[in-house]
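Thanks for coming. I will keep this brief, and the slide goes up now.

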Amino acid sequence: MTASVSIRSVSQRYGTALALNDVSLDIAAGEFVVLLGPSGCGKTTLLNLIGGFAEPTSGQILIGGRDMAGVAPKDRPTTTVFQDYALFPHMSLRDNVGFGLRMRGVPRADRAKKADAMLALVGLEGRGDRRPHELSGGQRQRVALARALAVEPDVLLLDEPLGALDLKLRRQMQDELKAIQRRVGTTFVHVTHDQEEAMAIADRIVVMNHGRIEDHGPPREVYLHPKTLFTAGFMGEVNRIPVSGGNAPFGPVPVADGILCIRPEAISPTGALRLGPCTVQDAAFFGSYVRAHVSPLTAPDLRLVVHLPQSQLVEEGRVLDLGAETHVVLSE
Amino acid sequence: MRLLSWAYLAAAYVFVFLPVAVLVVFSFQDGRLPVPPFRGVTFEWYAKVLSDGKLMTALGNSLLVAVVSSTVALILGFLAAHALARVRLPGSALMRGVLIAPLTVSYLIIALGLLNLFTQTGVRLSLWTAGIGHVVINLPLCFAITYAAMGDHQRNAERAARDLGAPEWKVLLLISAPMLAAPLAAAFFLSVTFSWDEFIIAFLLTRFDVTLPVEIWSMLRSGLSPATNAVGSLVFLVSVTLVILLELLVFRRTK
């Protein structure tokens with residue numbers, strides 16, 4: 001089961017603070033959308049509004065075309081995977097996963113069967129009799145996922161579900177999450193502040209800041225062609241070079257006036273947008289690349305971060321002729 | 001130094017338990033008076049007490065009042081604690097204060113107040129009125145214990161239950177209460193113990209059917225006898241059993 005979500009001019013006010021400022025967003029049925037932003041950007045508020053844990057101050061939320069105003073969480077076609085899992089400690093995993101079905105009046109035998117199938121889906125086959133406290137963090141997260149999916153929601157809401165896991169486990173769970181979403185076809189709305197996680201799983205990333213949507217699009221689009229300086233900076237490291245009157249600090253450039261943004265890995269000896277000869281200030285070996293700070297000879301005060309291939313000989317004082325393969329120009 | 005601290009510990013225990021020990025020892029007195037010298041062991045007084053219909057009825061009454069009033073106090077205290085922990089209301093702090101306030105009022109004052117109220121409203125004194133008095137003294141205790149035990153952990157689980165389609169009464173019954181099983185049991189057993197040996201309220205608010213402490217008091221008026229010691233020992237035994245049950249069932253499991 002799956003449904004579209006439509007958010008129309010939604011604002012949310014807490015006292016004098018504006019947590020969401022006139023946000024509109026359409027999510028297609030079956031889409032995996034990631035709400036990405038720093039803490040306090042409004043992404044969790046938006047998720048809570050979709051789940052029905054709060055009512056918007058103004059605006060409208062539709063799920064599957066149905067207006068959700070005044071509909072309690074228990075009556076919405078959504079379920080949530082919470083950051084702290086929120087498992088029921090006094091119930092077995094089977095009863096945890098079957099809880100939603102129990103509330104829907106499904107007989108015990110049927111819900112046990114469904115619960116076991118859901119546990120198998122998340123890789124916890126045959127552990128239905130265990131209690132939550134016997135599991136590791138990653139396993140608890142899987143149970144929370146199985147529990148939320150067991151009632152076959154139209155929309156699954158995930159509130160920083162991987163936030164409490166260590167990095168390695170997080171990367172592994174990302175892949176599984178994406179695979180499970182493909183299999184069940186449910187609309188996933190996932191909140192995170194980790195841009196790598198967002199790029200790894202999202203069909204579409206929605207970048208939020210100060211209660212507004214800054215940018216949205218597929219990961220490649222948002223990373224390579226950000227629409228705002230905030231998005232450019234939040235998605236990854238970026239060199240910002242001011243351009244005015246067709247001139248950059250290192251010389252004339254064939255781009256419009258504004259802030260020329262170049263990612264460190266877009267800079268190479270063969271890049272089309274020439275930066276000219278640059279002196280290497282320092283360099284460090286990062287395994288898959290060499291990270292260096294360089295300054296163009298014509299603008300020694302400008303420091304650029306570059307990621308060069310391991311094969312490149314990069315050492316302090318060496319002069320390299322560099323250019324940018326991709327770039328965007330944004331206004332302040 | 002070490003010896004001194006052990007001696008101090010022993011002295012403290014003697015101070016606390018000597019009266020109880022004397023009570024128990026002289027309940028076995030083979031003689032008419034529960035005073036030294038100790039004349040030998042007999043179970044005569046226990047036999048007498050256990051075959052005393054009035055005493056046994058009073059014992060039954062005490063158990064009934066204790067269990068029923070504690071159950072009521074626990075349910076009301078739990079609901080109040082849950083509401084005040086979850087919902088932000090204007091005057092929450094004041095409401096908490098008012099709920100806990102009876103803990104600081106002497107039982108005598110509570111009993112007098114209730115006696116006044118019952119007399120004026122024409123409610124006849126019975127085990128029910130004594131039970132109401134015990135709810136008044138135990139509700140603050142149940143409220144305080146459950147309120148202190150509620151945390152974000154429960155709040156999030158309750159939120160998840162609602163999200164999965166549970167109506168509010170099922171959230172309370174299937175999630176909140178089981179997650180608080182240990183503090184709820186602790187509150188219940190403590191309430192039962194307090195109600196079990198409470199005297200003043202039971203004395204002022206009962207008339208024809210009385211609880212055990214009131215019955216013991218009327219026995220005492222006809223003078224000392226090893227029989228009163230025997231009843232006292234039984235009361236003590238029940239209290240100790242409750243405390244041990246509490247320790248075994250509640251605190252041992254949560255460790």
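This is a predicted model: local features need pLDDT of at least 70, side-chain atom pairs count only at pLDDT 80 or more; totals for chains, interfaces and linings use all residues.

Domains to begin with. In chain A, the assignment gives domain 1 as 5–233 and domain 2 as 261–327. Taken over C-alpha atoms, the centres of domain 1 of chain A and domain 2 of chain A are separated by 40 Å.

Now to the strands. Strand β1 of chain A covers residues 5–14, and strand β4 of chain A covers residues 58–63. β1(A) and β4(A) run antiparallel and are joined by 5 bridges. At one point of this pairing, A:Val5 stands opposite A:Ile63 in β4(A).

Which strand is joined to β1(A) by 7 bridges? That is strand β2 of chain A, residues 17–27, and this pair also runs antiparallel. A:Tyr14 has A:Ala17 in β2(A) as its bridge partner. β1(A) and β2(A) form a hairpin with 2 residues between the strands, and in that hairpin A:Gly15 takes a positive phi near 65°.

Last, the contact between the chains. Chain A gives 16 residues to the contact, and chain B gives 15 residues. On the side of chain B that touches chain A, α7 (152–163) and α8 (168–179) of chain B each supply at least two residues. The largest share of that side comes from α7(B), with 7 residues. And what is the make-up of the side of chain B that touches chain A, by class? There are 9 nonpolar, 2 polar and 4 charged residues on that side.

That is the end of my part.

Definitions and conventions. Residues are numbered from 1 along each chain as its sequence is written. Chains are lettered from A and ligands numbered from 1 in the order in which they are written. Domain bounds come from an automatic or database domain assignment. Two strands pair if DSSP finds at least two bridges between them. Helices (H or I, at least four residues) and strands (E, at least two) are DSSP runs, numbered from the N terminus. Two residues are in contact if their C-beta atoms, placed from the backbone, lie within 7 Å. Ala, Val, Leu, Ile, Met, Phe, Trp, Tyr, Cys and Pro count as nonpolar, Asp, Glu, Lys and Arg as charged, and the others, Gly among them, as polar.
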